[in-house]
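I opened this notebook to record what I looked up, item by item. The entries follow the order in which I went through the structure.

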Amino acid sequence: MLGGIFSFHSSWKDREETYTHKPLPLECTSLNFRGFQFAQAMLFAIEEINNTTNLLPGISLGYKMYDACGSIARSVRAALALANGNDVESAPSATPCTKPAQVQAIMGETSSSPCMAIATVIGPFHIPLISHFATCACLSDKTKYPSFLRTIPSDYYQSRALAQLVKHFGWSWVGAIRTNDDYGNNGMAIFTETARQLGICLEYSVSFFRTDPPDKIQKIINVIKASTSKVIIAFVSPLDMDVLIHELSHHNLTGYQWVGSEGWIFDSQIAKMNGHHILDGAIGLSIPKAHVRGMREFILNVKPLNSSGNEMFTEFWEALFSCKFKQTTGNQRECTGGEDLTQVHNSFTDMSLMPIFNNVYKGVYAVAHALHSILGCNETCNDKVQLNPLTILHRIGRIQFKTKEGDKVYFNEDGDPAAEYEIINWQRAESGFVEFVTVGLYDASLPADKQLNLHNTSLIWAENSKQVPVSVCSENCPPGTRKVLRKGKPVCCFDCIRCAEGEISNCHPEFWSNEGRDACVKKEAEFLSYKEVMGALLTAASLFGTCMTTVVTLIFFRNRKTPIVRANNSELSFLLLFSLTLCFLCSLSFIGRPSEWSCMLRHTAFGITFVLCISCVLGKTMVVLMAFRARLPGRNGMKMFGPAQQRLSVLGFTFIQVIICILWLTISPPFPFKNFKEFKDKIILECALGSAVGFWAVLGYIGILAILCFILAFLARKLPDNFNEAKFITFSMLIFCAVWITFIPAYVSSPGKFSVAVEIFAILASSFGLLICIFIPKCYIILYKPERNTKKNMMGKVPPK
C-alpha cells in the first residue's frame with residue numbers, strides 16, 4: 001500500500017470556535033486541479049507497475065489518498081491516518097481497534113511547510129515521505145527529517161543559481177519578494193547570503209502569504225513603487241503569485257524585470273492570467289522538460305462513474321465542466337458523466353507541469369524498486385518477507401535505476417536528487433500567448449565556473465525590450481574619481497569624488513594614473529638590472545673577484561710543490577679557491593628580472609657555496625690546531641684528523657646545507673613576486689622567500705659555522721709557528737662575521753631592489769675578505785719573497801727577516 005497526500009483544495013473556510021463543543025473538520029474550498037493532476041500521475045505509475053512483470057511480479061500496489069486542503073494541520077492528520085492504518089474518522093469506543101497494514105511509503109506533499117510537519121511526525125516511525133515539489137533546503141537536514149526524500153532538487157542549489165544569474169547580467173541592486181513560509185523564507189535566506197558574497201545588494205526584501213489582509217499586500221506595492229531597483233527576485237509559490245499578479249496589474253506596475261523561482265516561472269496558468277503582461281520578459285529557473293509516454297492520456301482519461309460515491313471527485317467533475325449531476329434550475333446545465341475533456345481548456349488539461357508529474361512518477365517507481373529488492377523478486381516475489389519501514393527507507397536511499405524514458409533516478413546522502421535546471425525566458429509569441437523559451441542550463445554537478453551556461457539566444461526583457469535592463473544603486477565612477485560609500489547604505493550605493501594625486505579609479509594594480517588622473521598608464525617595473533649603474537658595478541665586482549680568484553689559483557697551481565702551498569693541506573686550499581669562485585659567480589644570479597628558476601637558484605646556490613667555503617676554512621683551522629697538538633709529547637692529533645677526515649668533514653658540513661635547501665625547495669620554494677605595496681607608482685619585481693624559516697635556516701647554518709671557525713682560529717692565533725695561517729683565518733672570519741651581522745638590519749630595512757643589492761654586496765665583501773686575508777699573504781711570499789718559501793722557514797728553523 002502506498003499513501004498519497006495532495007491538496008485537492010487550495011483553501012478552507014475560517015470559522016470562529018466557541019470552545020463549547022468539539023471543533024468540526026475543516027471545510028475545504030477553492031478546488032485545485034493541480035492536486036488532481038498529481039494524484040493521477042501517482043495512479044498512472046501504480047497501474048503501470050501492476051501491469052508489468054518486470055517489476056514486483058505477482059505483487060499489486062494499492063493506494064490510499066487524502067486531501068490536505070492546503071492546511072498543515074490537515075496534512076499531519078492525514079499522515080497519522082496513513083501511518084496508523086486507520087481512517088481519519090475516529091471509531092466508536094465500543095468498536096474494537098483494528099490495525100490494517102500500514103502504508104509502505106507516502107507520496108507528497110506539494111509544499112515545503114506541510115512536508116516539514118509530516119516528516120517531523122512520521123520520522124520516528126521511519127516511514128518514507130517522498131515529495132515531488134517541496135524544495136526547501138531545510139528538508140535536507142537528516143537529523144530533523146530522517147525519513148524525507150524528494151525527486152526535485154533542493155533550493156540550496158536553486159537560490160545559488162538565481163544569485164549567479166543576477167550577477168551574470170550585472171544587476172547589483174535588486175528587490176526581493178518571497179512567500180512567507182518555509183519555501184520562501186529559507187530560499188530567500190540562501191539567495192541573500194550568496195548575493196552578498198557576489199557583491200549584490202538587496203534594496204528591500206518583503207514577504208506575504210495569500211491569506212494576508214489586503215493592507216499588507218498594499219504595503220508591498222508601495223515598497224515597489226518607492227524603490228529605485230528595476231529587478232525583482234520572486235521566490236513565490238504559484239498560489240501566492242496569483243494574488244500578487246492581481247494586485248500588481250491593478251496598479252499597472254510595469255517596467256520591472258522579474259527573476260523567478262521554479263515555483264511559478266514555468267506555470268502556464270500564471271502566464272495565462274489577466275495581467276500577466278506585468279511579467280513580460282521574466283527569466284528564471286525551471287525543472288528540465290520531461291515527457292512520460294502515456295501519462296497525458298491517462299490523466300485526461302477520467303470518468304465520474306469510475307469513482308461512484310466519491311463526493312470530492314463529483315465536485316471535481318462538476319467544476320471541470322461547470323455542470324451539476326442533480327437537476328438544477330436556471331442556466332446551469334446537468335452533468336451526464338459523458339462530457340468530452342477535449343472540448344475543455346483549463347488548468348486540468350494543461351500539461352505544462354509535466355516535469356512535476358514526472359517527479360511523482362519517479363517517486364512511486366523508487367518505492368517499487370526498493371520493494372522489488374527487499375522481496376528478492378525474480379520471476380516471483382517472496383511475499384512472506386516482513387516489510388519493515390526502516391528497511392524500505394534505507395533501500396530507497398540506495399537504489400539507482402532508469403525510467404523508461406532514460407531518466408536516471410537516485411538519491412544522495414541528504415535524500416536529494418541531482419540539481420539540474422533549465423533557464424527559461426517569457427517571450428510573447430505572435431499569437432499573443434507567452435512561450436517559455438529555454439535560454440540556458442544550470443548544472444550544480446559541474447565546476448563552479450561552468451555551472452551556469454547561457455545559450456546564444458536572443459532574450460526578451462521587461463516590456464518586450466531587447467536591451468538588458470540596468471539595475472544599479474550607483475553608476476560606475478568615471479575616470480579621475482573614486483568611490484565613497486554613503487552613510488547607512490549598502491556597499492552598492494556610493495558617491496564619486498575626485499581622486500587624490502597620482503590615483504585613478506578602476507585602474508588595474510599594474511597600472512597608475514596619468515597626470516590628469518583620467519587614464520591608466522602601465523607602472524614601471526623595477527628590479528636590479530645589468531644595464532643600470534648599480535647592477536653594472538656589482539657585476540663588474542663579481543667578475544673581478546672571479547678573475548682574481550682564478551689568478552690566485554693559477555699561481556698556487558704553478559707553485560703547488562712549494563712548501564707554502566703544500567703547508568696546511570693544499571687540497572683544501574684548491575677546494576677553497578673553487579668555492580670562492582662559485583661565491584663570486586652566484587651573486588650574478590641576483591641581478592636581472594626574477595624568474596622561477598633564478599629565484600630558486602640564487603639563495604640555494606649562495607647557501608651551499610658559502611657553506612662549502614666555510615667548511616674548507618674550518619678544516620684548515622682544525623689542521624693548524626691538530627698540527628700543533630701533534631708536536632706536543634704523547635699527542636698524535638694529525639692521525640685522527642688526516643686528509644681523509646678533512647675531506648669527510650667538508651663533505652658532511654656541506655651535505656647538511658644541501659638537505660636544508662632541498663627541504664626549503666620542496667616545502668615552500670622562493671618564487672617571483674610583484675610587489676605593489678612598496679611604491680604606488682612602481683611595481684617591484686622581487687623573489688618572495690616562500691618559506692622565511694628556510695631562508696633564515698640557510699643563513700643561520702652559515703653563521704654557526706662561521707662563528708665556530710672564528711673561535712677555533714682565534715684560539716690558534718698565537719701558536720708558535722713561523723707562518724701561522726690561523727692569524728689570517730681569524731682576520732678573514734672577523735670580516736665575514738662583521739659583514740653578515742650588519743647585513744641583517746640593512747637587508748630588512750632596504751626597499752625594493754636595494755635589498756637585493758645589499759645581499760650581493762654582503763656576498764662579495766665576505767668573499768673578498770676570505771680571498772685577501774687567506775691567500776694574498778701567501779701570493780706575496782710566492783711572488784716577492786721566494787727565499788721565505790722554504791721548508792726550513794715554514795718549520796720555524798730560520799728566523800724571519
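I began with Cys-599 and Cys-687 and found both of them buried, where buried stands for under 20% relative accessible area, exposed for over 50% and partly exposed for what lies in between, using a 1.4 Å probe and protein chains only. The two form a disulfide with their sulfur atoms 1.9 Å apart, the term being used for a pair of cysteine sulfur atoms within 2.5 Å. I read a torsion of about -80° about the S-S bond of Cys-599 and Cys-687, so this disulfide is left-handed. The pair links distant parts of the chain, 88 residues apart, with Cys-599 in helix H16 (residues 596-631) and Cys-687 in strand S26 (residues 682-688). Helices (H or I, at least four residues) and strands (E, at least two) are DSSP runs, numbered from the N terminus.

Before going on I noted the basis of these entries: this is a predicted model, in which local features need pLDDT of at least 70 and side-chain atom pairs count only at pLDDT 80 or more, while totals for chains, interfaces and linings use all residues. Residues are numbered from 1 along each chain as its sequence is written, and side-chain values use heavy atoms, with hydrogens and water left out.

Cys-473 is buried with a relative accessible area of 19%, and Cys-493 is buried with a value of 1%. I also looked up Cys-709, which counts as buried at 0% relative accessibility, and Cys-779, which is buried at 6%.

I turned next to the nonpolar cores, each a set of buried Ala, Val, Leu, Ile, Met, Phe, Trp, Tyr and Cys residues joined through side-chain atoms within 4.5 Å. The largest has 124 residues, and those with the most contacts inside it are Ile-177, Trp-258, Trp-264, Leu-279 and Phe-348. Its largest share, 13 residues, comes from helix H11 (residues 354-374). Apart from this core lies another, of 65 residues, including Leu-572, Cys-586, Ala-713 and Leu-764. For Trp-258 I left aside neighbours within four places in sequence and listed its contacts, among them Ile-177, Met-241, Trp-264 and Leu-279; contact means heavy atoms within 4.5 Å.

Is Thr-546 buried or exposed? I found Thr-546 buried, with a relative accessible area of 11%, and located this residue in helix H13 (residues 533-558). The side chain of Thr-546 reaches the backbone oxygen of Ser-542 at 2.8 Å. Leaving aside neighbours within four places in sequence, Thr-546 is in contact with Thr-581, Phe-584 and Leu-585.

I then checked the backbone, keeping in mind that most residues other than glycine have a negative phi, and most peptide bonds are trans. A cis peptide bond joins Gly-108 and Glu-109, with omega about -10°, and Glu-109 is placed in the loop between strand S5 (105-107) and helix H3 (112-122). Ser-322, although not a glycine, has a positive phi of about 55° and sits in the loop between helix H10 (311-321) and strand S13 (323-324). Asn-464 also has a positive phi, near 60°, and this residue is partly exposed at 38% relative accessible area.

My last entry concerns His-126, in the loop between H3 and strand S6 (129-131), which counts as partly exposed at 31% relative accessibility. Not counting residues up to four places away in sequence, His-126 touches Ser-147, Pro-389, Leu-390 and Leu-393.

Note on methods
Polar contact = N/O pair within 3.5 Å; in protein donor to acceptor, adjacent residues only side chain to side chain.
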